[in-house]
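Subject: Structure for you to look at

Hello,

Here is the structure I promised to pass on. Please open it alongside this note.

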Amino acid sequence: MTTQLTRPSQLTEPPRLVWPTAAVRDSYLAGERADCVAEGRPMERLGAAADDFDAFVAQRRGEQIRWGVPSTLFWYVSGEHYIGTLVVRQRLTPEPAEAGGHVGYHVVRPWRRQGHATRMLAAGLAECRSLGLDRVLLTCDVDNEASHRVIRANGGVPDGRMHGEDRFWITLEAA
């Protein structure tokens, strides 16, 4: 099965971080399917979303506990267009301190290489600031040069490597 996602040449409104929303159903499914195909991952993981998108969205809204940490999931959207996902973890426990950090983000393939990840991370850092965090950890695969550029563009300072991931700290300025 081939999944093709056509992207408009220009977005009609600036992308922004929002809680997951059913308004981007078709774009979300198309973007995530395109990633599954490109990465050779099974599409079964999208089954719940395809079957009942409203319930899928409802499960992702609000504060969740992952790795024993309060976390909030955001989607980066422009109108009906889903561009990516960003998660903010409010503190570090051993698991995210080793891999994952305070912030994780993902831009679906059709929207990559357009600066969306850099702007999405900047918006996520504003969310971290609003939670009272003054410094955040981000990690990424050693060979993920695009993510290295995104993190550095947002003030990331390298802090070595652990478990095959490069580590970066970003100091947040007061609002």
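This is a predicted model: local features need pLDDT of at least 70, side-chain atom pairs count only at pLDDT 80 or more; totals for chains, interfaces and linings use all residues.

The core first. The largest nonpolar core has 39 residues. Tyr 28, Trp 75 and Val 136 touch the most other members.

Next, helix H6, which spans residues 145–153. Which of its residues are buried? They are Ser 147, His 148, Val 150 and Ile 151. Viewed down the axis of H6, these buried residues fall within an arc of 165°, so they line one face of the helix. What covers them? The cover includes three strands, E5 (103–107), E6 (135–141) and E8 (165–171). Helix H5 (116–130) is also part of the cover. Just after H6 comes Gly 155, with a positive phi of about 95°.

Now the H5 and H6 pair. Two packed helices are described by the angle between their axes and the distance between the axes. H5 and H6 pack at about 45°. Their axes are 9 Å apart. The crossing of H5 past H6 is right-handed. On the H5 side, the contact is made by Ala 117, Thr 118 and Leu 121. On the H6 side, Val 150, Ile 151 and Ala 153 make it. Val 150 and Ile 151 are also among the buried residues of H6.

Last, two backbone points in loops. Arg 113 is not a glycine, yet has a positive phi of about 65°. Where does Arg 113 lie? It sits in the loop between E5 and H5. Is Arg 113 buried or exposed? Its relative accessibility is 79%, so Arg 113 counts as exposed, the cut-off being over 50%.

His 163 is the other one. It too is a residue other than glycine with a positive phi, near 50°. His 163 is found in the loop between E7 (157–162) and E8. With a relative accessible area of 60%, His 163 is exposed.

Best wishes

Note on methods:
Residues are numbered from 1 along each chain as its sequence is written. Side-chain values use heavy atoms; hydrogens and water are left out. A nonpolar core is a set of buried Ala, Val, Leu, Ile, Met, Phe, Trp, Tyr and Cys residues joined through side-chain atoms within 4.5 Å. Buried means under 20% relative accessible area, exposed over 50%, partly exposed in between (1.4 Å probe, protein chains only). Helices (H or I, at least four residues) and strands (E, at least two) are DSSP runs, numbered from the N terminus. The arc is that of the directions from the helix axis to the C-beta atoms. Contact means heavy atoms within 4.5 Å. Axes are lines fitted to C-alpha atoms, for helices over the stretch in contact, and angles run from 0 to 180 degrees between N-to-C directions. A crossing is left-handed if the near helix is turned anticlockwise from the far one by less than a right angle, and right-handed if clockwise.
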